[in-house]
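Trainee: Hi, could you walk me through this model before I set anything up?
Mentor: Happy to, here it is.

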Amino acid sequence: MPGIETQDKQQYVAEMFARISPRYDLMNSLMTGGQHHRWKRLTARLASQGLTGPALDVATGTGDLALCLARRPGIQPVVGADLLPPMLALARRKARQKGMDGRVYWAAGDALALPFPNNTFACATAGFSLRNMPEPDGIAGALREMVRVVRPGGRVAILELTPMTGGIISRSFRLYFHHLVPLMGQLVAGERAAYTYLPRSVDRFLEAEALARLFRELGLREVGYRRLGCGTMAIHWGVKQPL
Ligand SMILES: C[S@@+](CC[C@H](N)C(=O)[O-])C[C@H]1O[C@@H](n2cnc3c(N)ncnc32)[C@H](O)[C@@H]1O
């Protein structure tokens, strides 16, 4: 990952997302053929089903997943938290355009030190974010924070790209992801570096089974996951142990 070993990853990631924020939604829709909306709706459903009360979307970016949570029955209020003010400004504008002002609160917050008390939320989600946490302990650190702020009996759900190994789909996807996506990033967002970082960060991320194991190590129960997008991504979930 160019530059990442010599810089603090948190700072590298923050600067990168600040640069790509204006084209972030467009690139997501182009890269996934618009499918990311469906995956986010499913993540919100898996996180919240059977639960009522407040919900949190961590590293919310432009706020899609927070808005999906806000549409779930019995889920209110919703908080979308992110490190970066430019991302939160886009999220706020999107909520206003969709007439969802006042149903989601946007908050500045670091996933590694969430500014919320223990046992606050019925559920917490994070989409395409864990990969970007500082290594080596950022992934566990962010998950631990999500578990901390969720109520006993509440749920944590993660939507994330997942490394693939072997097989024709994996080889085709790697070709697309490592060659075409950086080119799209350059042409559409004027940012080849960010969209070169993206596939490399997936290669370094936990495989689906290892992420499920981490959920269990952090005390979550009823852990499960579902692969999506021909196995290129997964939604993981787990329930915080009731008192
Ligand atoms: C790939 S985007 C994902 C945005 C959104 N969740 C989605 O699904 O489209 C990653 C987001 O994580 C945010 N981020 C990175 N590090 C963070 C941290 N330590 N705490 C909170 N947000 C962070 C970035 O600002 C960016 O908005």
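Mentor: What follows is a short chat about strands, the ligand shell, a helix and a loop.

Trainee: What kind of model is this, and how are residues numbered?
Mentor: The model is predicted: local features need pLDDT of at least 70, side-chain atom pairs count only at pLDDT 80 or more, and totals for chains, interfaces and linings use all residues. Residues are numbered from 1 along each chain as its sequence is written.

Trainee: Is strand S7 buried or exposed?
Mentor: In S7 (residues 233-240), 8 of the 8 residues are buried, so the strand is largely enclosed by the rest of the structure. Buried means 20 or more other C-beta atoms within 10 Å of a residue's own; exposed means 12 or fewer, partly exposed is in between, and C-beta atoms are placed from the backbone. Strands (E, at least two residues) and helices (H or I, at least four) are DSSP runs numbered from the N terminus.

Trainee: Which strands are joined to S7?
Mentor: Strand S5 (residues 150-161) runs antiparallel to S7, joined by 7 bridges, and strand S6 (residues 220-228) is also antiparallel to S7, with 7 bridges. Strands count as paired if DSSP finds at least two bridges between them.

Trainee: What lies between S6 and S7?
Mentor: They form a hairpin with 4 residues between them, and Gly229 in that turn has a positive phi of about 55°.

Trainee: Switching to the ligand, which residues come nearest?
Mentor: Ala59, Gly61, Leu83, Ala111 and Gly127, out of 19 residues around the ligand. Near here means a C-beta atom, placed from the backbone, within 6 Å of the molecule.

Trainee: Which helix gives the most to that shell?
Mentor: H1 does, with 3 residues; helices H1 (9-20) and H4 (64-70) each supply at least two.

Trainee: And which residues are buried in H3?
Mentor: His36, Trp39, Lys40, Thr43, Ala44, Ala47 and Ser48. Seen down the axis of H3, the buried residues fall within an arc of 150° (taken from the directions from the helix axis to the C-beta atoms), so they line one face of the helix. H3 is followed by Gly50, whose phi is positive, near 80°.

Trainee: Last one: where is Pro73, and why is it called exposed?
Mentor: Pro73 is in the loop between H4 and strand S2 (75-82). It counts as exposed because it has 8 C-beta neighbours inside 10 Å. Pro73 is also 32 Å from Leu206, C-alpha to C-alpha, with 133 residues separating the two in sequence.
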